[in-house]
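Please read them with the coordinates open.

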Amino acid sequence: GCRGKKPLLAPNPLPCSGACGRARTSEKGAIGGGRVVCPSTNQVVGSMAAPRVTAHRGAMRVGALLVIISTLLPCSRAGQGDAIARSDFNWGAEEWEVFGPGKLSVYERGGMLYGSDNGRTVWYFAAPEKYLGDRSLSHGGRLKFRLGHSEYMSNGKDMIKDWDVILESKEWRIRVGIKNLIPPWVGATNNDLAIDEKTWTVMKGQGHGHPPTAVQFIRLLSSLSAVYIRGGFYDGHEETWIDSVVMEEGDHHAETLMRKVEKHHHEPLRKKREQEKQKLVDEEREMLIAAGELQAEPDPDAPP
């Protein structure tokens, strides 16, 4: 029999009373180990180790621990400071445009975006699509940019007072802005604005002249249609440049914020659009009646 013999791959042999002369492995464990069994008596005579499985099990335990830790850590700061949109102008104008009177345009030179005018003109650098739309995650974040003049002429007059940065939502019919951001007679400035309701003033919409409410500001950011940064400041000729524009994600509780957005983001122009749709239906009906393709319904208020 196999009594006293050491079966293959069995580091811990046990006495076997069978007369099989050999041993076999069976009963593979859940993690890759197994038992060495005498085929005659089904008596366990050894065991098979699985050292690689032990390492794998350790990795699984570490992975599970990391999952638990990440679950327990607060996620409200996840993404804070991450760039939602960025413009460095190293490869051109990046679809920025000019907002303002006249036929003004922007142009890239030396990795900066330029615009110029020849008179008392207030105009703005207008941000492209990547800054617009649903930017509610920027609530509590920052809007940063560098702004300066390569040349300017004031013609002996003070700098024009106007809004320096503007955010607008056409859907919600609200526009907010910041004044007195850019100091006069300074060649260049680094600007770092908080994207929150305490920093901005309502230019157009409910609460004109006052800071917007939290709901107003979240609505605006959830349907942002324009970001304007001022480029026209002086009475005479000027050439203004902008660089290193970035919109950063805020330090917010994402789930709470999204609940607010979902709660308040209904369609503000729904009734007006329904009326316009009904008007088109009525006009089409009148055209069909005039063409004889549709019979007019009798007027119930008409005399018999």
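1. Start with Arg142. Its relative accessible area is 29%, so Arg142 is partly exposed. The model is predicted. The side chain of Arg142 meets that of Asp192 in a salt bridge, 2.8 Å from N to O. Arg142 sits in strand β9 and Asp192 in strand β12 (residues 188-194). The two are 50 residues apart, and the pair links distant parts of the chain. Asp192 is partly exposed as well, with a relative accessible area of 41%.

2. Strand β9 carries another such contact. Lys144 and Glu248 meet through their side chains in a salt bridge, 3.2 Å from N to O. Lys144 lies in strand β9 and Glu248 in strand β15, so this pair ties together parts that are 104 residues apart in sequence. Is Glu248 buried or exposed? Its relative accessible area is 13%; the cut-off for buried is under 20%, so Glu248 counts as buried. Lys144 is partly exposed, at 27%.

3. Glu94 and Lys130 form a salt bridge through their side chains, 3.1 Å from N to O. Glu94 is in the loop between β4 (83-87) and β5, and Lys130 is in the loop between β8 and β9. The pair therefore ties together parts that are 36 residues apart in sequence. Glu94 is partly exposed, at 26% relative accessibility. Lys130 is also partly exposed, at 35%.

4. For the tally: how many salt bridges does the structure hold? It holds 9. A network of salt bridges links Arg120, Lys157 and Asp235.

5. Now the aromatic side chains. The structure holds 10 aromatic pairs. One of them is Trp96 with Tyr131, edge-to-face, with 5.5 Å centre to centre and 70° between the planes. Trp96 lies in the loop between β4 and β5, and Tyr131 in the loop between β8 and β9, so the pair ties together parts that are 35 residues apart in sequence. Trp96 is buried, with a relative accessible area of 3%. Tyr131 counts as buried at 1%.

6. Another edge-to-face pair is Trp123 with Phe125. Their ring centres are 5.0 Å apart, and the planes stand at 70°. Both residues are buried.

7. Val227 deserves a look in the viewer. Leaving aside residues up to four places away in sequence, Val227 touches Phe125, Ala126, Ala127, Tyr131, Leu132, Leu143, Ile166, Leu167 and Met247. Tyr131 and Phe125 in that list return from the aromatic pairs above: Tyr131 pairs with Trp96, and Phe125 with Trp123.

8. The sheet. What is the order of the 6 strands in the open sheet? It runs β5-β8-β14-β10-β11-β13, with antiparallel pairing. The edges are β5 (97-99) and β13 (201-204). Each has a single partner strand, so one side of each is left without a neighbour in the sheet. From one strand to the next, the twist averages 30°.

9. Within the sheet, take β8 and β14. Strand β8 (residues 124-126) pairs with strand β14 (residues 226-230) in the antiparallel sense, over 3 bridges. Ala126 has Tyr228 of β14 as its bridge partner.

10. Last, a glycine. Gly207 lies in the loop between β13 and α2. Its relative accessible area is 33%, so Gly207 is partly exposed. Gly207 and Ile174 are 33 residues apart in sequence; their C-alpha atoms are 9.6 Å apart in space.

Terms used: Residues numbered from 1 in each chain as written. Predicted model: local features only at pLDDT ≥ 70, side-chain atom pairs only at ≥ 80, totals over all residues. Heavy atoms only, no water. Pairing = 2+ DSSP bridges. Helix = DSSP H or I, 4+ residues; strand = E, 2+ residues; numbered from the N terminus. Axes fitted to C-alpha atoms, helices over the stretch in contact; angles between N-to-C directions. Contact = heavy atoms within 4.5 Å. Salt bridge = Lys/Arg side-chain N within 4 Å of Asp/Glu carboxyl O. Buried < 20%, exposed > 50% of the residue type's maximum accessible area, 1.4 Å probe, protein only. Phe/Tyr/Trp six-rings, centres within 6.5 Å; stacked < 30°, edge-to-face > 60°.
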